[in-house]
Amino acid sequence: MPGRIRQKTKSIEETPLSKIARRKFIQLSVVAAAGCLLQPGREARAQDLPRLSEDDPLGQAMKYTHDACTVDPSSRPNPAADQTCANCALVQGADGDAWRPCQIFPGKVVSAKGWCTVWSPKP
Ligand code: SF4
């Protein structure tokens, strides 16, 4: 047993600091390179987000729907027929995309034709 401990201690002592630093540098370089290769563009990330479900509890609380046409305009907090996610101040992403991120539902995308009670006019 003491011989085994002495052997391990010896192998650690024999590893020069420059060799450990080089190994760590190579490991970090591989991780950094992988991060650069795997980092998609902003648009690709939005497309990778899951779509908000109409069954989502927060979505239901905000009466979110994929199709604004299914909501009676007179029942809206700010009655108007032309309210959709595409013309809401809280929508993000690129104009013309069918599904876009929304500040109210982080990590998910909403339908450009959708609507919820938080709809706000763009300034
Ligand atoms: Fe659509 Fe605006 Fe509601 Fe987000 S806040 S779901 S963009 S209406």
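Modeller: Happy to! This is a predicted model, where local features need pLDDT of at least 70, side-chain atom pairs count only at pLDDT 80 or more, and totals for chains, interfaces and linings use all residues. Residues are numbered from 1 along each chain as its sequence is written, and side-chain values use heavy atoms, with hydrogens and water left out.

Colleague: How many cavities of 30 Å³ or more are there?

Modeller: A cavity here is a set of points on a 1 Å grid over the protein atoms alone where a 1.4 Å probe fits but cannot get out. Counted by this rule, with 30 Å³ or more required, the total is one cavity.

Colleague: What volume does the largest cavity have?

Modeller: Grid points are joined across faces, edges and corners, and the volume is the space filled by probe spheres set on the points. For the largest cavity that gives about 90 Å³.

Colleague: Which residues lie nearest the centre of the largest cavity?

Modeller: Lining residues have an atom within 4 Å of a point, and the largest cavity has 13 of them. Those nearest its centre are C85, C88, C102, C116 and W119.

Colleague: Which residues make up the largest nonpolar core?

Modeller: A nonpolar core joins buried (under 20% relative accessible area, 1.4 Å probe, protein chains only) Ala, Val, Leu, Ile, Met, Phe, Trp, Tyr and Cys residues through side-chain atoms within 4.5 Å. The largest has seven residues: L52, Y64, C85, C102, F105, V110 and C116.

Colleague: What percentage of the residues count as buried?

Modeller: The protein chain has 123 residues, and the buried share is 21%.

Definitions and conventions: Buried means under 20% relative accessible area, exposed over 50%, partly exposed in between (1.4 Å probe, protein chains only). On a 1 Å grid over the protein atoms alone, a cavity is a set of points where a 1.4 Å probe fits but cannot get out, and a pocket is an open set with protein on both sides within 12 Å along at least five of seven lines; lining residues have an atom within 4 Å of a point.
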